[in-house]
Structures are given as structure tokens and as C-alpha cells.
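The entries below follow the order in which I looked things up.

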Amino acid sequence: MKIKRISRRKFMKSGLAWIAGTATSLGSIGKAASDKEIAAVSRTSIKSLRAIPTTCQQCPAGCGIIAYLDGERLVQILGNPNHPNNRGGICAKGIAGINLVNDPERLLHPFKRAGARGSGAWTRITWDEAYSTLSHNIREMLEEDRVSEFVIDKGQDDSLFDRFLAALGAPRIIDRNALKNLNRSVAALSMVGAPALLEDIEKSRTVLNFGANPFSNHDFFIGFARRLVLARIEKGAKLVTFDVRMSETAAKSDAWYPLKAGTDGIVALAMAKVIVDKGLADSDFIDKKTDITLSDLNRLLTPYSPESAERESGIKASDIERLAVEFATRKPSVAIFGGGITDHQNGTHNARCVSLLNWIAGNLEKDGGLFFPQHSTAQQIIEQQSPPLPPGLRNTIRGIPDLDKTNIPIDTYFAYLSNPAYSEPDCQSTTRFLKDENAVPFLVVMDTHMTETANLADLILPASTFLEGWGLSNAPPLDGIPILNLRQPVVSLMSVAKALRSPAFDVGKLLEPSFQPMGESVEIGNMSLELARRIGGRLSQELPFKNTSDYVAKQISSLSGSGIQEGLEILKKKGFWMDPTSEKRTVSSFHDTKETKKTLQVRIRSSSLEQKSASPLPVYKTIESHKHTDRNEFILTTFKSNLMGSGTANSKWAREILHENRLWISTKVAKQLGIKNNDRVRVTSPVGSLRAKVLTTSRIHPDSVALAEGLGHTAVGNVARGKRFKSKDRDTSLIWWSQKGNGVNPMEIIEAKYDPVGGGLGLKDTVVRIEKLSGGQTE
Amino acid sequence: MKAQNKRLAVLFDLRKCIGCNTCALACKSENDVPLGVWRNWVKRVEKGRYPHSREFFLPILCNNCEDPICVTVCPVNAGIKRPDGIVYIDPHRCIGCRYCMASCPYGVRYIHPIKKIAEKCYWCHHRVDAGLEPACVEACPTGAILFGDLNDPESEISRAVAENAVQVIKPESGTDPQTFYIGLDIESVEAKQTEDK
């Protein structure tokens with residue numbers, strides 16, 4: 001395989017979420033692609049079900065899934081047993097995709113506002129009218145040279161939509177997926193020049209986990225969790241988790257060390273110090289591959305004794321010492337981290353501190369360690385096909401508070417599968433901003449449901465779900481071989497009679513199944529193409545495709561030279577494609593080379609951070625607002641269950657299991673405050689307050705309280721709001737948790753704080769006060 | 001494949017269970033189980049004092065017992081045990097009298113809210129008869145659930161049972177359950193479910 005190491009600049013350019021836009025080659029290849037037969041039977045008729053392989057798009061993991069259709073109806077979604085990443089596994093969210101498609105409350109027609117903004121009065125319009133309004137607005141902005149007044153808020157990446165925005169001369173874009181990992185990617189870029197590295201977790205023997213929860217929520221969720229479980233149970237790996245609360249991963253770790261929120265950095269540095277002091281560091285690696293000497297490192301780590309880390313974090317110095325020695329000696333080892341440490345105002349530094357542990361132990365490009373993302377030839381062709389947005393135009397805005405500050409006027413705000421009025425920190429301010437017709441004169445929302453943001457919109461467009469459209473994406477190749485995933489429509493299957501009447505009918509394809517999104521919902525790709533056609537000029541030249549399937553077919557045909565001889569057909573049948581030319585890359589190629597420090601190195605001293613007047617070396621910064629002494633002040637942390645995703649807010653099966661989020665509080669502290677389990681409390685932060693029920697638990701650090709994200713919707717649908725109602729679906733009249741309510745939305749009280757170094761959100765930094773509500777005050 | 005030579009069983013490797021509820025949702029969709037009732041679920045149990053607390057995940061489904069008391073008590077012979085070990089309910093015979101529910105030591109049966117007859121997990125026998133695994137087994141992301149024939153010494157489940165210490169829930173009930181667990185925490189069987197979120 002031709003593997004090219006890609007430059008940092010190019011990596012930035014490759015755009016999209018990095019996972020969607022990159023491919024890597026790990027040093028190890030797990031099980032080779034299997035070729036299991038895919039079958040299922042109908043429970044009622046015992047007939048075989050139609051099985052269509054496609055790709056799940058509910059998180060960046062890109063699991064291969066099989067949709068099973070009984071007649072025209074989607075009845076089951078299971079993992080694709082041949083897919084190298086998830087190997088047949090699937091998560092609850094993936095199965096709940098059935099609810100997303102078959103939801104009787106889906107938004108299926110375009111609407112325009114009829115009354116005052118947010119009043120909830122709508123007039124149904126045709127797509128033609130919606131297209132003319134939008135294309136008129138965009139053309140006007142283009143002609144008057146004020147494209148910068150077009151704000152795009154996208155919750156999901158779509159290659160055609162990105163092409164459209166790039167051709168438009170791309171306006172201001174809020175890229176929610178990139179924002180989520182901003183601190184993480186800034187930290188990784190500053191050290192290794194790639195936005196993230198891949199862990200070869202299946203071969204690790206010691207895994208230190210700082211605030212990640214791969215057993216519930218992770219960028220490679222199922223693929224990663226599966227490999228971690230295998231490593232732990234079948235190969236005897238040790239998994240140690242540092243987290244403020246006992247996550248699913250902590251529950252399934254060999255040990256859980258609760259620590260004060262946001263102090264992971266100093267724990268990692270203290271461990272690094274122990275490793276260096278005891279002479280256990282990989283001095284060869286430090287010498288050859290990093291820009292720092294052992295003595296410099298010694299000096300850097302001097303202030304971080306295990307004792308000082310104990311004072312700051314609460315983790316015993318003896319534990320730090322023991323785990324550090326284990327990490328350095330029980331190899332291969334790897335330190336992983338997640339949102340628990342990066343969603344802080346010191347998140348970028350935290351991530352750099354934990355990464356330092358990996359460099360000191362030399363865990364780079366080694367089996368069971370970390371690997372660089374790599375490109376294969378095929379992926380490069382795909383990228384030429386869909387030029388990503390220029391780096392300068394990506395990610396310039398970190399959400400609505402940023403937008404509010406810039407004072408550049410807004411003409412049109414277009415939100416696609418993004419719901420800032422609900423999901424942004426301090427969402428009440430966001431709502432006020434979006435409601436203000438002077439600030440946002442024209443608000444367009446494209447979504448599958450009537451979200452909180454859609455309620456404020458002037459124009460609502462029905463988006464099709466990921467199971468109703470076409471797409472091509474690169475899956476994270478966890479086994480080392482680049483993978484190309486195809487997403488193809490699996491609903492709604494049209495009957496032959498209906499297909500014959502359709503204007504797109506093609507005699508040659510009479511026997512092939514033909515699909516159409518439900519109602520009048522439209523794929524964003526097709527919407528972009530239609531808009532480009534209507535606006536004309538350069539836009540229509542840059543997007544010369546008939547529709548999304550034509551676009552995918554053209555992308556594939558350009559690949560034919562690199563191994564996909566059968567082209568689209570093989571992808572349609574298997575759902576994914578692995579580069580047959582790629583072979584196992586030897587790990588030693590990285591370590592054996594006589595390359596000097598100039599070519600390949602880990603930059604522990606970062607000039608890019610120095611330019612931002614941040615410390616160029618990995619340091620620990622205390623979060624000032626967390627230095628409270630009042631025992632009634634807590635650091636609010638949030639977490640996301642695997643039942644929560646962009647598409648599962650209104651899923652009946654997911655909400656049946658998770659419909660209530662109680663405030664986690666340490667049993668001991670609750671007792672001191674006179675709060676009992678299930679008591680109602682008022683939780684107050686500097687930006688607002690909410691009422692929540694209490695869960696007293698021994699699974700949380702006494703300085704923290706925790707709330708699950710994704711609940712407490714005031715819109716989206718009756719299921720999301722926990723209301724029983726009659727519909728064509730029998731189950732909606734069986735909703736049994738109406739009395740319990742639908743939880744609270746923590747974003748109402750979370751402050752919009754940012755890490756000054758990485759720029760990412762400090763979502764888990766808000767300090768809240770808790771006040772018990774007496775019986776009379778309960779609702 | 002002669003059905004009478006088989007002894008089907010399920011094995012949960014609890015060391016691998018990550019409590020993700022995928023099995024519960026796979027069953028809901030496979031068997032069109034209405035809201036409010038479940039054929040399988042994951043029980044979460046919190047134990048211990050901070051900071052030495054633990055959380056256990058315990059997936060539960062019908063044990064398809066070797067000596068099913070629910071079949072014995074049924075007044076209309078609606079409960080049927082197949083030669084391969086699967087216990088199921090004939091929906092045309094069931095009169096919804098709930099005797100079987102009262103007798104089941106595991107509480108895995110429910111009355112269908114619309115059909116008003118007893119239902120439970122029967123290891124997706126429609127899939128098993130077609131040579132497939134139950135939906136929850138196929139869906140499990142970490143491979144924590146094994147399904148197969150204990151009479152076949154070469155089957156994956158036979159080997160796992162032979163190599164590991166396995167437990168069953170409430171062996172004292174005398175029904176000889178055929179759902180086995182590796183790493184079962186006996187206390188969490190009886191413990192109260194921790195309402196988690």
C-alpha cells in the first residue's frame with residue numbers, strides 16, 4: 001500500500017470531522033475481513049427478510065449495519081458481521097434508528113412561520129417555495145458581496161453540503177462536530193501534528209483511562225469498546241480509570257480512582273515525574289523522537305511531586321507511584337483520555353499532560369500504543385472528489401456566544417441537524433438571541449423533528465434521516481486497513497406500482513428496489529444541488545451532479561483504478577470496502593529509520609501555544625473557580641449515556657429506559673446537607689437555576705454533582721417530552737413514564753466558558769449551589 | 001440437525017458486559033415488544049462505600065429452565081417445552097390467567113397490554129429454527145452473550161462453560177435454569193435495581 005504521511009496543514013484541510021476524513025494504518029491487523037452470510041427471518045411469517053447493508057451515522061464511529069426489511073417496513077437493525085470495526089456488534093442507539101425513521105412525529109413537510117417568532121403558528125408550504133426563498137436570499141447575499149452574513153450551523157457533516165458551502169465562498173460556519181473535540185485536537189496538533197492518534201487498544205496490557213467513557217460514549221464507540229473488552233478479559237490487560245463519577249467504563253475497570261474535577265493534568269504529570277525519577281522512562285525514544293532532553297524533562301516535572309498531586313486531586317501519592325511504575329513497566333501500555341478531562345478550561349493542557357505520559361513511555365507507533373493517522377491512495381482520491389472546506393473557513397465560530405460578540409450582521413442563519421436553543425451551554429441566552437429578529441433576521445432550520453430551535457425558525461425544512469440517503473465516508477480503520485463505508489437508503493421502499501408512477505422511474509431498474517425518503521423530507525445533499533441549480537453561476541458548475549446517488553456513483557467510479565473493480569455494486573452488496581492493496585505495515589519502520597529529529601518527532605515544547613501566550617510545555621493549571629471552600633458548592637459535570645444521540649431524543653425505546661436524569665450527589669455530602677434520595681432540589685448556577693430530583697450515590701466525587709445530558713426537551717416530540725398520545729403507533733399510547741416527567745436539561749445552567757488555550761468549551765466547569773426544596777415547593 | 005439431540009443454552013460473560021442495553025433494544029425490535037414490558041433487560045446494582053464503590057450490570061432474560069414450573073402450572077397447557085430446551089407459550093391457548101407469572105421465580109413473564117396473554121423470551125426460536133442466533137446475542141457489541149448447544153462439546157458455549165466457573169440465578173428454585181453466567185455477583189440478584197440516571 002502506498003501510505004503517505006500527511007502534513008499537518010493537509011490534515012487540517014482534510015476537514016470534516018477528522019474521523020470522517022482520514023484513514024490510518026495501524027501497525028497491527030486484527031481479524032481479516034470475514035465473509036459471513038447475512039440473513040434474518042420474519043418472526044411472524046418465517047420468510048427471509050430483505051437485508052440491506054449500510055452505515056450508521058449517529059456517531060462518528062461509522063459502524064457497518066444491516067437493515068432488515070419485512071416487506072416495505074424496516075423492522076430490525078443489527079451490526080454487519082463482516083464489518084472489520086464493529087464485527088457484528090451494534091449499540092442501542094443504532095437499533096433505535098428504527099424509531100427515528102418510523103417516528104409518527106417526524107417532520108415531513110416544509111413550513112413557514114405564520115405568527116410571531118416562536119408562537120408556534122405555521123403554514124405548510126411547498127418545497128418549490130422554500131427553494132425560491134432560500135435561493136433568493138443566497139443570491140442576494142452573493143450579489144451584494146455579503147456572504148459573510150450567511151451563518152451555517154451544522155450538526156452533521158455532509159460531503160455535498162460542504163462542497164456547496166465551499167463553492168459559495170463559504171460563509172461563517174459553526175461546525176458542532178469539530179467544536180466537540182476542539183481542545184483535544186489542538187493538544188494533539190501541538191504535539192504530533194495530527195488532530196488525534198489512534199490507539200491500538202486490543203494489544204495494550206496496561207490502559208490508563210483519564211475521563212473517557214468508551215463503554216458508553218466514544219468516537220469509535222463499539223469498535224473501540226469491543227477491542228478494549230477483548231484486551232481486558234481475554235488477554236489480561238489492566239484498565240484503570242480516573243473519573244469524577246463512576247462511568248460505565250469505570251464500573252468495568254480494574255480500579256476506579258475518583259478525583260477532583262479537572263485535576264487529571266497534575267496526576268498525569270506526577271506519574272510522569274515518578275517514571276522519570278525511577279529511570280523507567282524510554283530514554284531512547286525521548287532522545288530520538290522528541291524535542292526535549294531527559295534533563296529538561298526533569299526540570300519541567302520538578303514541581304509535580306506525587307504529594308502535590310495528592311493535595312490537588314485527592315488521589316493518594318502512593319497510588320500515583322504504584323500506577324506510574326505499572327504503566328512504565330507493564331508494557332505495551334497506553335494512556336487514553338476523553339471529554340472528562342478536555343471539557344475544562346484547562347482541557348488542552350490536561351490533554352497534553354496525559355499525552356506526555358505516552359511519550360515518556362515511548363508508546364508511539366508501537367503495538368498496543370498510539371498510531372499516526374495515515375492515508376491510503378483511495379482515500380486521497382475521494383478527497384480530491386470532495387474538496388473539503390479551506391482551513392480558514394472552518395471552525396471560525398465556537399457557537400452563538402461568539403457570534404453575538406463579533407457584531408458582523410447576520411442575514412440568514414441556517415441550522416442543519418443542530419439544535420443550539422437546546423444544546424448550547426446557557427441555552428436560554430441562545431434562545432433569546434435566536435428569537436431576536438434584529439439579531440437573526442431569517443432563521444432556517446433543517447431537521448428531522450420540530451426541535452426547540454425549529455420552534456423559533458422562519459422556515460423549517462424536513463431533513464431525511466441517515467437511513468434514507470446516500471453517502472460515502474471513511475471509517476476509522478481500527479485494524480489498520482483503510483475502510484470505505486457506503487450509506488445507502490433502506491427506507492422507504494416503494495412498491496412496484498408506486499415506483500412505476502414515479503418520474504424517476506427507469507425501466508432497466510425495474511427489479512431493483514427503489515427508495516424515497518418519507519413524506520417530503522429531503523437529503524441535505526439533494527437540497528444543496530437544487531439550491532445550486534437555482535442560484536446558478538459558479539455554484540451549479542461546481543456541483544454537476546443529478547442527485548446524491550449520482551454523486552456517490554461518480555466518486556466510486558473514480559476509484560476503479562485502485563481496487564474497486566466492481567464499483568458501486570460490491571459496495572451496495574457489502575456496505576463497505578477495504579483497500580485490498582493495503583498490507584500490514586511493519587511497526588519497526590517508524591523506529592528503525594535513521595531519521596533525525598527534524599523529520600519525525602513529538603513536540604513537547606509547542607511554538608503554536610507559545611504564540612497564544614500559553615505555556616509551551618505541558619503544565620497543570622488550577623481552575624480558579626473550583627477553589628471553593630463552601631461545602632454547598634459543587635462542580636457540575638455532565639455525561640452522555642449511550643442511549644442519547646442526535647437521533648434518539650424522540651426514540652420510544654431509548655426514552656423508556658432513560659427518561660429521567662436525577663442529580664448525582666455523594667451520599668455522604670447529601671447526608672450532611674440533609675438531602676435524601678429523590679428529594680427535590682434547586683440547582684443554581686451563575687446563569688440560571690433548575691429543579692431536579694436527587695440521586696444519592698457512592699459513585700461520585702464529593703466535590704462534584706452530575707447530570708445526564710440529552711433530557712428535558714421542551715420540543716422535538718411527545719416521546720421526548722414524556723407525554724402519552726395517540727398515533728398510528730400503538731406504543732405511543734403506552735408511554736408509562738408521563739408522571740415521572742422527562743428530566744431536566746443541564747445546558748440551562750451551564751456557563752459558556754472556554755479554554756483560553758485550545759478554545760474549546762469548558763462544559764464541565766460550572767459551579768452550582770444546591771438548595772433543598774421543601775414539600776410545598778415541589779411541583 | 002435433530003432437535004431432540006440438542007440442549008440449547010445461553011451464557012452471559014458478565015466480565016464483558018458493559019451495561020449498554022443493546023440486548024434490550026434488539027429484543028424490543030425483533031419481537032415487537034410493547035412499551036412497559038420487557039423480555040430482557042439489564043439490571044444495574046450499586047454496591048459498596050465511596051471510594052470503593054462498584055456497579056454491577058446484570059442482564060436478565062428467561063432461563064428457559066430444564067424443569068419449567070411455569071409449564072407445569074399452566075391450566076390450559078399453553079406452556080410448551082421443546083425437545084431442544086426452549087420453553088414457549090402457545091398464544092392461541094393462553095387465557096392470560098397469570099398462574100405462570102406467579103410461579104416463575106425470575107419474574108420474566110408479562111401480560112401483553114393489548115393481546116392480554118402471557119409472553120416471555122423464548123430465545124427467538126423463529127431465528128434459531130432458521131439457523132440464526134437470538135437477536136440479543138447477535139447484537140451484543142462485546143460478544144458477552146453466547147448461545148448454542150451444550151450437547152455439542154465443540155460448540156463455543158460448551159467450551160466456555162467447561163473452561164470457566166459458571167453460575168445460574170436462584171439455583172435453589174429447583175427449575176434447573178439454562179441461562180448461565182460467568183462472574184455472577186449473587187448479591188446483585190436480590191439487590192434493588194439502582195435507578196441510575
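I began with Lys116(B), which I found in the loop between strand 6 (110–111) and strand 7 (118–119) of chain B; helices (H or I, at least four residues) and strands (E, at least two) are DSSP runs, numbered from the N terminus. Phi of Lys116(B) is near 60°, a positive value in a residue other than glycine. I counted 10 C-beta neighbours inside 10 Å, so Lys116(B) is classed as exposed; the rule is that a residue is buried if 20 or more other C-beta atoms lie within 10 Å of its own, exposed if 12 or fewer, and partly exposed in between, with C-beta atoms placed from the backbone.

A note on provenance: this is a predicted model, in which local features need pLDDT of at least 70 and side-chain atom pairs count only at pLDDT 80 or more, while totals for chains, interfaces and linings use all residues. Residues are numbered from 1 along each chain as its sequence is written, and chains are lettered from A and ligands numbered from 1 in the order in which they are written.

Next I looked at Asp145(A), in the loop between helix 5 (127–143) and strand 6 (150–154) of chain A, where phi is near 55°, a positive value in a residue other than glycine. Asp145(A) counts as exposed because it has 8 C-beta neighbours inside 10 Å.

I then looked up cis peptide bonds. The bond from Val491(A) to Ser492(A) is cis, with omega near -15°, and Ser492(A) sits in the loop between strand 18 (483–487) and helix 22 (496–501) of chain A. In chain B, the bond from Tyr50(B) to Pro51(B) is cis with omega near 0°, and Pro51(B) belongs to the loop between strand 2 (41–47) and strand 3 (54–60).

For chain A as a whole I noted 30 helices and 25 strands, with 59% of its 779 residues counted as buried.

Which strand did I follow through its pairings? Strand 10 (residues 238–242) of chain A has 4 of its 5 residues buried, so it is largely enclosed by the rest of the structure. Strand 10 of chain A pairs in the parallel sense with strand 9 (residues 206–210) of chain A over 5 bridges, where two strands pair if DSSP finds at least two bridges between them. Within that pairing, Lys238(A) is the bridge partner of Thr206(A). To strand 11 (residues 255–257) of chain A, strand 10 of chain A is joined by 3 bridges, again parallel, and Val240(A) stands opposite Ala255(A).

I also traced an open sheet of 7 strands in chain A, in the order 5-4-16-15-14-6-7 and with mixed pairing. Its edge strands are strand 5 (122–124) and strand 7 (172–175) of chain A, each pairing on one side only.

Last, I turned to the contact between the chains, which takes 53 residues from chain A and 38 residues from chain B; two residues are in contact if their C-beta atoms, placed from the backbone, lie within 7 Å. Helix 9 of chain A gives the most to the side of chain A that touches chain B, with 5 residues.
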